[in-house]
Amino acid sequence: MVLALLLLLSLAACGGASSDAGSTGDAAALAENGVATDAATSESTADFSAVRENAKLILSADLTLETQDYDATCASLEQMTAEAGGYIQSSGNSGETGSRMANYTLRVPQEQFEKFFAQIGETCHVVSANRWSEDVTEQYTDIETRLATLQTKHERLLALLDQAAKMEDIISLENALADCEYEIDSLTGEKRHYDDLVGFSTFTVTLREVQTLTAVSEGTGFGAQLAQAAQNGFSGLTAAVRGIILLVVMLWPVLVLLGIAGGVYWRVRLYRKKKAQQSEQNKKE
């Protein structure tokens, strides 16, 4: 019995050691798998970032602005564009003093897009702002591939032209070279156009001169919407009263004529009424 007990104890100890070894092996395997997974994840993230960096994106923004100091705001927009390293592609002004409007198409280097967008929001009263991007990586890569193919074809045609002896072959090769050069010029121009769109972001800005700035909601809650509605209502009432006063001032000659005509009509009516009363009295007498 003692020997049997010792044998059982020794077998249990061996089994525990095997189990510990197996657990240690499993833990090591899991650790290795975890390290491999983390490495794969890091590599994937790095690849994704590289793809984003190499992407050809056209950045654009559309903003509606209001100002009570029209000339100063226009000058500020033009100065900000120059300081960002951009330029004014087009601009236009319309309206009379007090209700003028300016339209700008501004081109700003892509690396200055975020800074310029935030700077406009800090400097001007923004009523609405939209921004978007267009990925043209596929089109740009296709142009580069086609250009490389055409360049190779052009070099081969030149080599064949140097070796050609017959006039028919020379004419045929020259025609092929002309077609190839035309395609190269066309694709080069298209590639240059994409480079310009990608390199310089486009800001379409509409600036309005107003007497009262439009209230812009600072949140999406009911309270913010209620405050905005109250401010807009007061602004609308002020604008309506101002419009009525301006209309009266503008139409004063018509109002004067209407007043004179009304006075004459009233005097004639009183005269006729008085004359009718006298006639009735005469008949009674």
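Select Leu255 first, a residue of helix α7, where helices (H or I, at least four residues) and strands (E, at least two) are DSSP runs numbered from the N terminus. Leu255 counts as partly exposed because its relative accessibility is 43%, given that buried means under 20% relative accessible area, exposed over 50%, and partly exposed in between, with a 1.4 Å probe and protein chains only. The model on screen is predicted, so that local features need pLDDT of at least 70 and side-chain atom pairs count only at pLDDT 80 or more, while totals for chains, interfaces and linings use all residues. Residues are numbered from 1 along each chain as its sequence is written, and side-chain values use heavy atoms, with hydrogens and water left out.

Now widen the selection to Ile244, Leu247, Val248, Met250, Leu251, Val254, Leu255 and Leu258, which form a nonpolar patch on the surface with about 740 Å² of accessible area together. Such areas come from the Shrake-Rupley method with a 1.4 Å probe, and for residues only the protein chains shown count as cover. Patches are made of residues with over 30% relative accessible area and no salt bridge, like charges being joined within 9 Å and nonpolar side chains (Val, Leu, Ile, Met, Phe, Trp, Tyr) within 5 Å; a salt bridge is a side-chain nitrogen of Lys or Arg within 4 Å of a carboxyl oxygen of Asp or Glu. Helices α6 (222-250) and α7 (252-284) each supply at least two residues of the patch, and α6 gives the most, with 4 residues.

Select strand β1 (residues 57-67), in which 9 of the 11 residues are buried. Strand β1 pairs with β4 (residues 125-135) in the antiparallel sense over 10 bridges, and Leu57 stands opposite Asp135 in β4. With strand β5 (residues 200-209), β1 runs parallel, joined by 8 bridges, and here Ser60 stands opposite Thr202.

Move on to strand β3 (residues 101-109), which is antiparallel to β5 and joined to it by 9 bridges; the bridge partner of Tyr104 in β5 is Val205.

How values were computed
Two strands pair if DSSP finds at least two bridges between them.
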